[in-house]
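Colleague: I'm new to this one. Can you walk me through it?

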Amino acid sequence: MGIRIRRVGVLGAGVMGQGIAAHLANAGIPSYLFDIAPGQLTEAEAAAGLTLEDRRVRNRISSDGVMSMAKNRPALLYHKDLASYVTPCNYEDDTAKLAECDWIVEAVVERLDIKQRVFETVDQHRKPGSIITSNTSGLSVAAMAEGRSDDFRTHFMVTHFFNPVRYMRLLELVPGDDTDPALFAAMAEFGEKVLGKGIVYAKDTPNFIANRIGTFGMASVFHWIGEMGVGVTKTDKVFGPAMGRPKSAMFRTADIVGLDTLAHVFGTIEQNCPDDPWRSRFEVPAVVTGMIDKGYLGAKTGAGFYKKVTGADGKSAIWAIDLATLEYGEQPEVKLPSIGASRAKETSGEKLATMVWFDDESGKLAWKVTAEISIYSAQLLGEIADDIVNIDRALRWGFNFDLGPFEAWDAIGVPESVERMRDEGFDVPSVVDTLLAKGEGTWYTMRDGVRYFWEIATEAYLPVPVDPRLIFIDDLKAQGKILATNVGATLYDIGDGVGLVEFHTKMNAIDGQIGEMIQKAVEMVNAGELVGLVIGNEATNFSVGANVGLVGMLAMNQQFDEIGDLVKSLQDTLMAMRYCDGPVVTAPRGMALGGGCEIVMHGASARAAAESYIGLVELGVGLIPAAGGCKEMAMRLYGSIPPQVNADLFPYMERLFRVIGMASVGTSAEESRELGFLRPTDRVTLNPDAVLADAKADVLALASMGYRPPTPRTVKVPGRDGLAALKIAAHTMKEGGYLSEYDEYLGTVLGSVLCGGDVPAGTILSEQDFLDLEREAFVGLCGQEKTMARILHMLEKGKPLRN
């Protein structure tokens, strides 16, 4: 069953309703955002002479929701203009609009009686066949649908988004007893392909999968830090990146969620799961109750497990609460041998195994919690989900863990960890004994390049369900699809004559090895061995830029000719990409900064993940873009003027200078498009797992249309007249205290490149002319003492120095 959703009704303009409506707008789907009509005027409304009957008043709550959505940080929308897709409504005046909606999603307060009243209204006003879902985090599907019409019940299910909706991949789907199976499958496809979500299939049990196990994990941490006397700061050091978890770890996450919300989730499980084998663990911890009594609810009140304070010197600091006294104090400096050992490992599995097997207090804490989560997850198999895959995906996508519980169990070793569990008195579920007796001693295994999982019902390994269209690099490796490789990059065969260049340096920083692999791949296309190329990867970041450390080392040794050669080599590589005989599609996701941005801009097309953060940031380290970034931006902006039009170049020059000079970075693919780093024709994919497959499809589509390399470009430039105007502007900003003297100098150097150098206004320059200007300016800046200071500061501190 295919479904077409043209408009959605979102019921509830609170945090979740705003997030859902915003993400629908991100996907290009308009919505009506509903909330109640106020029963009382605000002072401002009364002063303006409004009444309770005025439409502005009646839609105030939903209108405020739309405004909040547009202003939220981090941004809920890919671009602020997308807020226009959301129309504020109220239940009293606008219920007839529900009949216009193909999907109605409820996101009101988490109370069954209120949800039932809302659904009664929906049942009366919806059109037959429309989809109705609840965003509940754990209430019963059957109870919510009780008393509703047959058509309602067959079209009803839970779609549980995680907050913030834009950034959290998880979408838990839970059917009711009467839900149409074909519709349920269609909604899963819609959630994955249109909304870009990771779909997990849960059962109608309290708190479903992610919150059930994730909350138990937090309960386990509370228990064991109480037993071992471990404080807030040390706990977060343990349960963060050292164990393949987010930097927010345990207590920063709790502050973001809110302690009142946390207590509610604990209480829901304790109340609604009387047969849970660990039910006593879900009693709200005394420390949480005490903090709530004091009003310490987390980020929403400015004080939770952490609190931002301002010292006598005016500097701010983050203090942590003492779990015994509930008093705040400075965080102790924590250096743990186990964490040091974990950081030295490469993969998340290696990091986790290092932590749990390390013989210090932190290692023992990591072990106890990991052991309990493993056992609890195994105990709930069949109750909350049918298989380990859904449980692992729920924790990875809902909590941003690198590994789910069963993947983590494999990483630490199932046989040896089970032996230790039993030695310490843990009760290991029988499903684990069956795995060890009949399986291969792991929950997952690889066979002929395909990943399999242990299925408890059949007691056999089955292929992990994935969309066969998707491309995963681990699968390519396992299937022997490597065409060429070096220490910096690998070229894969991804089928149908398309190659994939993947970077694998640290942070995917661009170096000579990556350049060599791109050149080799382009040569194979030009020789007819490949149809075209995708340049992309599955890393957190596409590329953070060029290897600044190498540039700094050469500059310190005054090897400026070598720097020029490096820059020329990268310029030539990217120009070879641009003028390749077959289509080269770049596929960024995450950060594509500096040289990474320049690679993105030199493809025949780009297929960007929606969460792509693209920008030319070189000025932050006292340099300018020199691998064609200035050239490409100049060609795009100046080149947008029709040849027969005698337009004023200054506004285009100012735009160029502002974007590059301010080191602007788009905080989404759409913002990156607005800044000019993506073209209007470049395409965006919301599901990050589909980016490589979509990019491959773009290559084949371009090739099928008889792709030919583009014609070399020339543009008119502002020349010395434009540079004079930029110099005046930069000097004015310096005199006003907005720029340092060196920033003014940098602006002049950048301006000279963007204006085309010391030439008359209207001079026509080629792409190579701009590349020469970039390279000369870059090498010259490497000889500046203050640029070297900025590079060294970046290497030591990981952030730009402003001086």
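Modeller: Here is a quick tour, from cores to helices to single residues. Keep in mind that this is a predicted model.

Colleague: Start with the core. Which residues touch the most other members of the largest nonpolar core?

Modeller: Phe222, Phe305, Phe406, Trp409 and Trp443 do, in a core of 110 residues. There is also a second, separate core of 81 residues. Ala484, Val522, Leu530 and Leu754 are among its members.

Colleague: What does Phe406 touch, leaving out residues up to four places away in sequence?

Modeller: Its contacts are Ser377, Ala378, Leu381, Ile388, Ile391, Asp392, Trp443 and Tyr444.

Colleague: Now helices. At what angle do H27 and H28 pack?

Modeller: At about 145°, with the axes 10 Å apart. H27 covers residues 629–638, and H28 covers 650–661. The crossing of H27 past H28 is right-handed.

Colleague: Which residues meet there, H27 against H28?

Modeller: From H27, they are Cys630, Met633, Ala634, Leu637 and Tyr638. From H28, they are Tyr652, Met653, Arg655, Leu656, Val659 and Ile660. Ten residues of this contact are nonpolar, none is polar and one is charged.

Colleague: Let's move to H20. Which of its residues are buried?

Modeller: Val414, Ser417, Val418, Arg420 and Met421 are, in a helix that runs over residues 414–423. They sit on the same side of H20, because they cover an arc of only 165° around the axis. Glu419 and Asp423 are exposed on the other side.

Colleague: What do the buried residues of H20 pack against?

Modeller: Four partners: helix H16 (348–356), helix H17 (361–379), helix H19 (405–412) and helix H21 (430–438). After H20 comes Gly425, with a positive phi near 90°.

Colleague: Where is Asp448, and is Asp448 buried or exposed?

Modeller: Asp448 is in the loop between strand E12 (444–447) and strand E13 (450–455). It is exposed, at 79% relative accessibility. Ala249 is in the loop between helix H11 (232–238) and helix H12 (251–257). Ala249 is buried, with a relative accessible area of 13%.

Colleague: What about cis peptide bonds?

Modeller: One joins Arg73 and Pro74, with omega about 5°. Pro74 lies in the loop between helix H4 (60–71) and strand E3 (86–90). Another cis bond runs from Asn163 to Pro164, with omega near -5°. Pro164 is in the loop between strand E6 (156–161) and strand E7 (170–175).

Colleague: New topic: Lys115. Is Lys115 buried or exposed?

Modeller: Buried, since its relative accessible area is 0% and the cut-off for buried is under 20%. Lys115 is in helix H6 (residues 112–125). Its contacts beyond four places in sequence are Glu106, Val108, Val109, Glu110, Ser134, Thr136, Leu139 and Met144.

Colleague: And where is Asn135?

Modeller: In the loop between strand E5 (131–134) and helix H7 (141–145). Asn135 is buried, at 7% relative accessible area. Not counting residues up to four places away, it touches Met16, Ile20, Glu106, Ala107, Thr159, His160 and Phe161.

Colleague: Last one. What does Pro38 contact beyond its neighbours within four places in sequence?

Modeller: Leu52, Val57, Arg58, Arg60 and Ile61. Pro38 sits in the loop between strand E2 (31–35) and helix H2 (43–47). Pro38 is buried, with a relative accessible area of 12%.

Technical notes: Residues numbered from 1 in each chain as written. Predicted model: local features only at pLDDT ≥ 70, side-chain atom pairs only at ≥ 80, totals over all residues. Heavy atoms only, no water. Axes fitted to C-alpha atoms, helices over the stretch in contact; angles between N-to-C directions. Helix = DSSP H or I, 4+ residues; strand = E, 2+ residues; numbered from the N terminus. Left-handed = near helix turned anticlockwise from the far one by under 90°. Contact = heavy atoms within 4.5 Å. Nonpolar A, V, L, I, M, F, W, Y, C, P; charged D, E, K, R; others polar. Buried < 20%, exposed > 50% of the residue type's maximum accessible area, 1.4 Å probe, protein only. Arc of directions from axis to C-beta. Core = buried A, V, L, I, M, F, W, Y, C linked by side-chain atoms within 4.5 Å.
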